[in-house]
Amino acid sequence: MSVDAVEVRGVSKVFNAGRPDSVDALVDIDLTIEPGSFVSLIGPSGCGKSTLLRLIANLLEPTTGDVLVNGKPASRARLDQDYGMAFQQAGLFDWRSVAKNVELPLELKGWSKADRRARALEMLHLVKLDEFAEHLPWQLSGGMQQRVAIARALASHPPLLLMDEPFGALDEMTREHMQGELLRICGETSSTVVFVTHSIPEAVYLSTQVVVMSPRPGRITGRIGVGLGRDRDEATREAADFFATITEVREALRGLPGPADIAQGVEDR
Amino acid sequence: MSRSPRATSSIASAASAVWPPVVFGIVFLAAWQAAVRVLDLKPYFLAPPSEIWSEFVQNASFIWAAASVSGANALVGLLVGTTLGVSMAFVLARFNVVNKMLTPLAVALNAVPIFVLVAVFNNMFSITSEVPRRLMVTLVVYFIVLVNVARGLRQVDPTQLDLMRSYAAGDVVVLRKLRVPNAVPYLFTALTIAAPASVITAFVSEYFGGSQNGLGSRIVSNIAISSNATAWAYVFAACLLGLAFYLVSVSLERVATPGGAGRRRGDGA
């Protein structure tokens, strides 16, 4: 019997609870993510999608409810480093070479120098940055820095990858290229991915399932399966199924209760 | 082999940066010399550069001795002040209460000419002691280093903190792997401010009594007996000493933080 990669049960999150400025960020969240799936969380700004991801990562504690990762409490999973994480900012340590940045999680796990160097080079090969191992981060372009961050997140071969708008700061061309790279890498490493984005085409292109969220208080209002198969390439972006699913997601976002222009915070690109 | 064009161009760019101030300096000295001759200025009003230079050469051994005294005071104060400042910065970074008490005070003191305190210190020690002057330099350097290094230890990229948390890193590991390396450029920036300040403080401290042995007191005593050109020769030496401290600190900064400003920006090349 396989354990769910992520299980979120009856979770809510209130910031500044009990104070006049308290905010209901998430309400009644139930979410199950199967191993090997690629799930995008999409919704307008302020819908709590990043908060949900941070709850899964145990960077935040839920106000009520439980979060399980690999069948363990999220706090245990964090201590066991069961997941790798990538953020909108690459967050590379600029005093470390590219290879040493990728080695960081392994270093903290107590790997030997030779082992972690070998793994770092393997990971840099995966993101096609072999010849940049000894460069310093600031010598790389934004897209390359983000690839290093992904290599770092994958370095310890975690079963789960948590990504918070990792391509949000990249230009359109780089972004599409990175999406293709991410699918290839995930195919090679068979990771489970939870991916936060506010771009509908990005969510559809990458995911096996798109989870639609409403703004404050954040709730899950729709789950849309993406039937594009596993092998996706540039032609996928022009396929009829691709556009049909985009329309489905957009309508799910538009159908949200509240202001009529709710989907404005979501990008159509 | 790809080095030589780069080296040539860096020499060329260094040369193009150097010649304008050099030309200006020569023109300025020539104008000074000419003004003294043509306007027939009296030596007690303004000595010509040629006379200052000959005084400088004639008194070279006295000037060297005076410069050694002032230079040693500045250096001792710089080293002790830096050591104390760095140590205290760690305490501040660890205990927020101390930080809240001391940082406004340290910032305020930076804006006040605290070197007048040397008059008070002079009363505490014997009249021939160098301790009051060194204490004064220490105090000035201490606050500059403290404020900057404490900032470097605290102002860490939030993404990098999240990342360390996701690696289940404790406070000590975060300090060692993230906060300390992050603070290194701040330390060297502080030194480029503190090094010239230490020399200035050492000179000015000599104006408040004590032994008549340093550059500052020589300037005062030569002006008192109207040997204007000699006083100027000591001023010239004082400029050289200040410049030497500054250049050493800037070179240290270059060596310690390769990439310089590019690192701090954190964006791609």
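Predicted model: local features only at pLDDT ≥ 70, side-chain atom pairs only at ≥ 80, totals over all residues.
Residues are numbered from 1 along each chain as its sequence is written, and chains are lettered from A and ligands numbered from 1 in the order in which they are written.

Now, the sheet. Helices (H or I, at least four residues) and strands (E, at least two) are DSSP runs, numbered from the N terminus. In chain A, four strands make an open, antiparallel sheet, ordered 2-1-4-5; strands pair if DSSP finds at least two bridges between them. Strand 2 (23-33) and strand 5 (72-73) of chain A each have a single partner strand, so one side of each has no neighbour in the sheet. Strand 1 (residues 6-15) of chain A is joined to strand 2 by seven bridges.

On to where the chains meet. Contact means C-beta atoms, placed from the backbone, within 7 Å. By that rule, 21 residues of chain A touch 19 residues of chain B. Helix 2 (74-79), helix 3 (98-108) and helix 5 (142-154) of chain A each supply at least two residues of chain A's side.

Last stop, chain B. Helix 3 (residues 60-94) and helix 8 (residues 171-205) of chain B pack at about 145°, axes 9 Å apart. Those axes are lines fitted to C-alpha atoms over the stretch in contact, with angles from 0 to 180 degrees between N-to-C directions. Among the contact residues are B:Gly77 of helix 3 and B:Ala195 of helix 8.

Notes:
Contact = placed C-beta atoms within 7 Å.
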